Amino acid sequence: MSQNSYSETVAQLFNYQEGTGKLSPDKWPNYEKLGITTEHIPELISLATDEDFYNIDHNALLSDESGLFEYAPIHAIRILGKFRVEAAIEPLISLLSKLDDFDFNNEVLFILDEELKNVLSLIGLPVIPALSTYIANDSHGQFPRITAMLTIKTIASVYPEHYQHCVTSLSQHLESFRENDPEFNGHIVWVLSDMNAIDCLPLIERAFQAGCVDEDVIGDYDEVLVKFGLKDITDISPKTIKATDTQNPISLNFTTSPRFKQLEKLNKAQQKRDARRKRNLNQLGK
C-alpha cells in the first residue's frame, strides 16, 4: 500500500478525494485531469486489487482524522472502466469474492459491489463469458454470484445490442435447474423477469413445475407472470399471494435476505462514515 510502489501520476489517487456515494459513471470525477493514461493500466490493476486496502482496520480509520488513501482502489477501478480495459476483467471479477465477508464499517467494501457492476458493465460484451463462468461456480458465495448476474443485466442496459446475449447467458444457468440450489434458481428467475426476458418463460415454468425455484425469492409462477405483465395481480388467488412487509408480493429480491436485515448496524456504520467524511472535507477546506 506504499505510494512508492506506484508512479507519481497514479499515486495522486492516494490523496485525491473520497470515492464514496455509489456514484453512477456519469457522475465520476474527472480523472483525466490527473494525467492518467492507458500507459498506467498495469499500475491501476495492481492498485485496484491491492490486498492491503481490503485488510484495513476500518474501525480504527473511523476515529482517524486524516487520510483519503483508502479510496484509491475505487478510483483505480473506475478508471479501468473508463478505459474499457479487457485485461482487467479477470482481476476485477476476482474482487467479487470480497463481498462475502461484508463489513459495514469497511468503506471500500461498502461500495465495491456497485462499483464493480458499473465498471464491468462498461467493458461490456467481453465480460459476459467470465461472469458466466463465475456464476456457474457454486464454490463462490451467493451474494457475489448475484452481483455477477446483476452485472450481466446492467450490460444489457448499457449495450442494448447485447441484450439477447445477456439473456442467453443467464438462462443457460437455469437450464440446470434440477441440479441447482432452488434459491439460486430463484435469483436467476428474478433477474430474467426483471429483464422482461419473455422468451425464457417456458424454461421458467418448467423449473417451477419441478419445484426447483425458491418462492421466497421471487414468488410463485403466477407472480412471475404478473411481473412480466401477462397476468393481473387481481386474478391471483389470495392464497397464492405471499404476505410481505411491504405488501408488494411481486417485489421480492435478494435484499429480503437476513444479510440485508442488519439495518441498525448499517445505519450506525453510516453515521460513523458521515462523521469521518465531514472531518475529511473540513481538512480539505471544503
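Trainee: What is the relative accessible area of Asp100, and how is that residue classed?
Mentor: Asp100 has a relative accessible area of 36%, so it counts as partly exposed, where buried means under 20%, exposed means over 50% and partly exposed is in between, with a 1.4 Å probe and protein chains only. Bear in mind that this is a predicted model, in which local features need pLDDT of at least 70 and side-chain atom pairs count only at pLDDT 80 or more, whereas totals for chains, interfaces and linings use all residues. Residues are numbered from 1 along each chain as its sequence is written, and side-chain values use heavy atoms, with hydrogens and water left out.

Trainee: Where does Asp100 sit?
Mentor: Asp100 is placed in the loop between helix H6 (89-94) and helix H7 (107-123); helices here are DSSP runs of H or I with at least four residues, strands are runs of E with at least two, and both are numbered from the N terminus.

Trainee: And which backbone nitrogen lies 3.3 Å from a polar atom of its side chain?
Mentor: That is the backbone nitrogen of Gly141, which lies 3.3 Å from a polar atom of the Asp100 side chain. Asp100 and Arg145 are 9.9 Å apart in space, C-alpha to C-alpha, although 45 residues separate them in sequence.

Trainee: Which ring does Arg145 lie over?
Mentor: Arg145 lies over the face of Phe184, 4.1 Å from the ring centre; the rule asks for NZ of Lys or CZ of Arg within 6 Å of the ring centre and within 35 degrees of the ring normal.

Trainee: Switching to ring pairs, how many aromatic pairs are there?
Mentor: The count comes to four aromatic pairs, taking rings of Phe, Tyr and Trp (its six-membered ring) with centres within 6.5 Å, and calling planes under 30 degrees apart stacked, over 60 edge-to-face and the rest tilted. In one of them, Phe14 and Phe53 have ring centres 5.9 Å apart and planes at 50°, so this pair is tilted.

Trainee: What does that pair tie together?
Mentor: Phe14 lies in the loop between H1 and H2 while Phe53 is in helix H3 (residues 51-54), so the pair ties together parts that are 39 residues apart in sequence. Phe14 is buried at 3% relative accessibility, and Phe53 is buried at 0%. Ring pairs also link Tyr6, Phe14 and Phe53 into a cluster.

Trainee: Now the core: which residues have the most contacts inside the largest one?
Mentor: Leu13 and Leu92 have the most contacts inside the largest nonpolar core, which has 83 residues; such a core is a set of buried Ala, Val, Leu, Ile, Met, Phe, Trp, Tyr and Cys residues joined through side-chain atoms within 4.5 Å. Its largest share, ten residues, comes from H7. Leu92 itself touches Ala48, Ile77, Leu80, Leu116, Val119 and Leu120, leaving out residues up to four places away in sequence, where contact means heavy atoms within 4.5 Å.

Trainee: What about the histidines, say His40: buried or exposed?
Mentor: His40 counts as buried, at 12% relative accessibility, and is placed in the loop between helix H1 (8-11) and helix H2 (41-48). Beyond its neighbours within four places in sequence, His40 is in contact with Ser7, Thr9, Val10 and Gly35.

Trainee: And where is His75?
Mentor: His75 is in helix H5 (residues 72-82) and is buried, at 0% relative accessibility.

Technical notes: A polar contact is a pair of N or O atoms within 3.5 Å; within protein, one must be able to donate a hydrogen and the other to accept it, and residues adjacent in sequence count only if both atoms are side-chain atoms.
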